[in-house]
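Have the viewer open and follow along.

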Amino acid sequence: MEDHSSIVSVAQAVVATAAGRVREAGGTASAEAVELVRALEDASAAASGWAGVGPAPLLSGPALAECAALLARRARDLAAEIDRIAEDMVGSAGYLGAVDREVAGRVTGAAS
């Protein structure tokens, strides 16, 4: 049973590492979305300055602002979902360890 416990511990460590990578990827995606939101907000401000100056830009300032707001909401939602996934990964690995200990106890009890 000792060897099996160490295998489960290694598996838990691997899952925890993978969960860390998931969180890191989520943080990167969120940071990049924030940069894009800023660019859309800047474009919105610039497009708003075109009002009445000549041909209308492809997207109006308010439309770009709405795109920025939508992207910001989606980025926050995605970051929260990624965090939940990472937490579930770690929780599942912990549950695996608990189940493994329970089964090992039952096997030991049955062998007695």
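What follows covers the ground rules, the overall picture, the salt bridges and a surface patch.

## Ground rules

This is a predicted model, so to speak of local features we need pLDDT of at least 70, and side-chain atom pairs count only at pLDDT 80 or more, while totals for chains, interfaces and linings use all residues. Residues are numbered from 1 along each chain as its sequence is written, and side-chain values use heavy atoms, with hydrogens and water left out.

## The overall picture

The protein has two helices and zero strands; both kinds of element are DSSP runs numbered from the N terminus, with helices being H or I over at least four residues and strands being E over at least two. Take the contacts with a separation of 6 or more: 73% of them are between residues 24 or more positions apart. A contact here means heavy atoms within 4.5 Å.

Of the 112 residues, 17% count as buried. Buried is under 20% relative accessible area, exposed is over 50%, and partly exposed is in between (1.4 Å probe, protein chains only). The accessible surface comes to about 7700 Å², with 63% of that belonging to carbon and sulfur atoms. Those areas come from the Shrake-Rupley method with a 1.4 Å probe, and for residues only the protein chains shown count as cover.

## Salt bridges

There are five salt bridges in the structure, each being a side-chain nitrogen of Lys or Arg within 4 Å of a carboxyl oxygen of Asp or Glu. One of them pairs Glu81 with Arg84, the closest N and O atoms sitting 2.6 Å apart. Because these two are three residues apart in helix α2, about one helical turn separates them. Glu81 is partly exposed at 35%, and so is Arg84 at 45%.

Glu66 bridges to Arg73, with 3.6 Å between the closest N and O atoms. Further along, Glu102 pairs with Arg106 at 2.6 Å; both lie in helix α2, four residues apart, about one turn of the helix. Glu102 is partly exposed at 42%, whereas Arg106 is exposed at 59%. Elsewhere, salt bridges with shared partners tie Arg23, Asp83 and Glu87 into one network.

## A nonpolar patch

Tyr95, Val99, Val103 and Val107 make a nonpolar surface patch of about 360 Å². Patch residues have over 30% relative accessible area and no salt bridge; like charges are joined within 9 Å, and nonpolar side chains (Val, Leu, Ile, Met, Phe, Trp, Tyr) within 5 Å. Tyr95 is found in helix α2, residues 61–111, and is exposed, with a relative accessible area of 59%.
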